[in-house]
Amino acid sequence: MRLLFALLLLAAAPAEAFLFGRSSDKNAADSLGGMRSAFNGGDCVTVLALSENFLKEKPPAAMREEAYGYMGRCYEAAGSTDKAISFYKVALGLYPENSLFSSSLAQIYNQAGFPENAAPLFLQVLSLSPDDLPANLGLARAYAALGFFSRAAEFYAKGAALQNYADLPALEEYARCLLRKRDWGGAAFISAKGRAAAPRSALWPLLEARAWAGRGDYYKAVEALDAALRYESNRRLRLERALYLLLGGLPRRAAEAADAELALAAGDPLASAVKGMALYSLGEKTAAAPYFAAARSGGPFVSKIAGAFLNGSAPGPEDACKK
């Protein structure tokens, strides 16, 4: 009799009970399907609206994991960063091996200026997927922000290789990281890669120039800046070239370059600083003083250099290139 009673109950059960176990699972599956379609269509308003009914159904773990991915990214898209962070933390606690939650939370931390929180999460992603491109680049950026340039360069290198050196903004970050690491040869190599990909950009010969200057080859640095100036002539590039002339032992040519800029903008602080340093290196300290006084009105860095010369504690023109 018991067996007959059980068979009668099964016969009376709706078809979805076999597919979903309970009607609430079917409701959740319907809501999840709607969320999936809305997300793929870029409609985050509908995703978040459907999520309320979805969660009320107390869906199975696998369904929740998929839905949390849509919800978290929609909170981000809506600009609700704090809510997205809280949401991803909860989701990560429930699904610790889901790389989407780790990576998304890490990216938010990086963008918000908390690289120390981002780095462990990116490492977690890479422990599961070593070739994950966003995680490699994200970790490189986190380490660079923390000042760990050697470690940052390691992950920039992996990211560049994964993209076959095609992502020029990431390649620029990599080159600048190598310059800060004082890896002059590496910076020159990556700058050459960028120059080959974008031969009419002033950026890459500029970065090459800084790599040559780091090596102490100021003539090569001037040549590289000449190439940059063919594509983009601006005051900063011209004055950086003048500094390399000065550092290369050509103070008169540096003074002439500074004079050309001062003719365009009298009293320009950076041009005044270059002219002052050129005169100073020629032994004309009295003539240099008014130029250093004019440079004191510049930004903190230029003002500090000029003040050091005026106070008799000249740091040397190479310090003007450290910024």
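Predicted model: local features only at pLDDT ≥ 70, side-chain atom pairs only at ≥ 80, totals over all residues.
Modeller: Residues are numbered from 1 along each chain as its sequence is written, and side-chain values use heavy atoms, without hydrogens and water.

Colleague: Why are helix 14 and helix 15 called roughly antiparallel?

Modeller: The axes of helix 14 (residues 218–231) and helix 15 (residues 235–247) cross at roughly 165 degrees and come within 9 Å. Axes are lines fitted to C-alpha atoms, for helices over the stretch in contact, with angles from 0 to 180 degrees between N-to-C directions. Angles over 145 degrees count as roughly antiparallel, and therefore helix 14 and helix 15 are described in this way.

Colleague: What makes helix 9 and helix 10 roughly antiparallel?

Modeller: Helix 9 (residues 133–146) and helix 10 (residues 149–162) pack at about 155 degrees, their axes 8 Å apart; the pair is therefore roughly antiparallel. By class, their contact has eleven nonpolar, two polar and three charged residues.

Colleague: Which residues touch the most other members of the largest nonpolar core?

Modeller: Tyr156 and Tyr174 do so, in a core of 60 residues. Such a core is a set of buried Ala, Val, Leu, Ile, Met, Phe, Trp, Tyr and Cys residues joined through side-chain atoms within 4.5 Å, where buried means under 20% relative accessible area (1.4 Å probe, protein chains only). Another core, of 37 residues, lies apart from it and includes Leu225 and Leu245.

Methods:
Buried < 20%, exposed > 50% of the residue type's maximum accessible area, 1.4 Å probe, protein only. Helix = DSSP H or I, 4+ residues; strand = E, 2+ residues; numbered from the N terminus. Parallel < 35°, antiparallel > 145°, perpendicular 65-115°, else oblique. Nonpolar A, V, L, I, M, F, W, Y, C, P; charged D, E, K, R; others polar.
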